[in-house]
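Me: I would like a close look at a single part of this model, taken slowly and with the criteria spelled out.

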Amino acid sequence: MSYEYNKQDVYDFAAVIQTEKHEKGNELFFSQCPYCHGGNHGDKDTFSINLENGTFNCFRSGCAKHGHFVELARDFGFELDFGETKKYKQLPQKKIETRPAAITYLESRGIGEAVCRRYRITTARDNPNVLVFPFYDENNIMQFVKYRKTNFDKTKDKNKEWSETGAKPILFGMQQCEDRETLVITEGQIDSLSLAEAGIKNAVSVPTGARGFTWYQHCADWIDEFREIIVFGDNENGQITLVNELQARVKQKLREVRVKDYLGEKDTNDILRRYGKNAIVQAVENAEVPKLKNVKKLSDVKSVNLNDMPKIRTGLYELDRVIGGLYLGQVSLWSGRRGEGKSTLVSQIIAEAIEQSWNVFAYSGELPDFHFKRWLDMQLAGPNYLTKGTDAFGEEYYSIGADVQDKINDWYSDKIYIYDNAYIPESTVEMETLVATVEKVIKQYDAKLICLDNLMTAMERVDGKGDLYTAQSNFVWDLKSIAMKYNVHIMLVAHPRKTKEGEMTNDDISGSGDISNKVDTVVFYGRNAGTEGAGHINVTKNRLTGRLAVGKNAIETQYSKSSKRIATCSKDSDRSYGWEKMQKSACDSGFYVLPGDTECPF
């Protein structure tokens, strides 16, 4: 029969192969590819499974394994449900004799004879140093057996514990549970026996450690009968095992033993032997509902006045009136028809950010660095500082004098940085994603405005694309996470999906359909047909304030061919920037002083 994809199988597979994982959008990323293990350099996060359709990809070119989860499960021996009931080994149902060696060993671990006999613990017939744990289900049928060497020597022995092959994995202690009130789940059999020794009823343990969850499908209905679950896993560096996996599965309320109630010990049996039964009882009674990392009380959220939030003004009066400015912690999307000036608009906003003393990082995937610089410098210079000329064909052009250019360079010297498209890493080890570069620039140069022009060329700097639309969606999600983490604003330029008459909408943006859903603001800029410099700005999404500018309310603009400046009203005209106020003193230090200052400070 055909396999019906179930995303829970993906989580179970990850648990069985014992890999670290994290979710990003609809993708579940593994710390390393199970096929190539990250190659010679141990590359991280290069393998993911799409949780929606089950496709998997290794993004390393040296591996490039891809396919469907069914193939992945086959390659690693992970059993899936193909509509056929798996047949497990039928274990002999005979009375178990509790042998003295089992009692002696458990007593050395603080567990008495009564508990040993109740759970029918014994030793192997031919080896008193092999402890035997029989697993009985709620119907008193032995389904699984676990073995443990009591004299384990890691220099000689290969395995400390092993299981009966082909047996049905279930929870240890199911048959000994007394009611359906509180179920306490531990990681090891000796831990659950320690709870029983302390008088805690309904103590069970998983069969194959914290990462093995093949047992869950056989015990899920039985677990559902309990009112609540308490997890008493192992304390691994302040993290309690089993909690996250069980929290994702069980339907009822779940509590976990507090880290401080482990009293510095690793597990239940350690607590029992060192501090006694009462410490176990107190730990269970004090168990708390685990705090969700991504959930907090609304009362703990700080009240914020939107007018007081830090923002970067665009310098366009009417646009700032609508959107309030570029708020830190957000991502804005800028689009418009090709060749109509969206990059010019972004460049002008960069000039405004520098004027407001915000540091800027720019990525321009289409323009050479000198072209990007020339455009920005002309906007900063303005019409009063441009020299008009005529080329060999009689066409007018504008240039910036050397003295003005020097002042502009000095003014923004430590304020704006640009991605070096010409950089070629000496080895693959030096290669990094654009996202990684953005994070480094933010931390190293204190950049608060990040401008990425544009989405498609930026994707060329993103490793491990896989499906393009999925990669785009993940990329924008990464940008949103960075904006919130570092409290910066990220402007992302994207081309429209197609050219059409009339106003453009969020659905017209090229690429993944949910890009506009992930960003906070969407702005379109375009020129009015049949005019020299008239244009308009549409604001089609504004998550923070809700104000839009569409249709008759679109923001009218004027474009200057000479200075490349865009204005929305008279308030934007005759804009001057800080470099104009700087005059070079006669001091050899080259220090710049403001008009009116007469002395060099050096």
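Me: In the hairpin of β7 and β8, which residue takes a positive phi, and how many residues lie between the strands?

Reply: The model is a predicted one, in which local features need pLDDT of at least 70 and side-chain atom pairs count only at pLDDT 80 or more, while totals for chains, interfaces and linings use all residues. Residues are numbered from 1 along each chain as its sequence is written, and side-chain values use heavy atoms, with hydrogens and water left out.

The residue is N140, which takes a positive phi near 65° in the hairpin of β7 and β8, where 5 residues lie between the strands. Strands here are DSSP runs of E with at least two residues, numbered from the N terminus, and two of them pair if DSSP finds at least two bridges between them. By that criterion β7 is joined to strand β8 (residues 142-149) by 7 bridges, and the two run antiparallel.

Strand β7 also pairs with strand β6 (residues 122-124), again in an antiparallel arrangement, through 3 bridges, and β6 and β7 form a hairpin with 2 residues between them.

Note on methods: Helix = DSSP H or I, 4+ residues; strand = E, 2+ residues; numbered from the N terminus.
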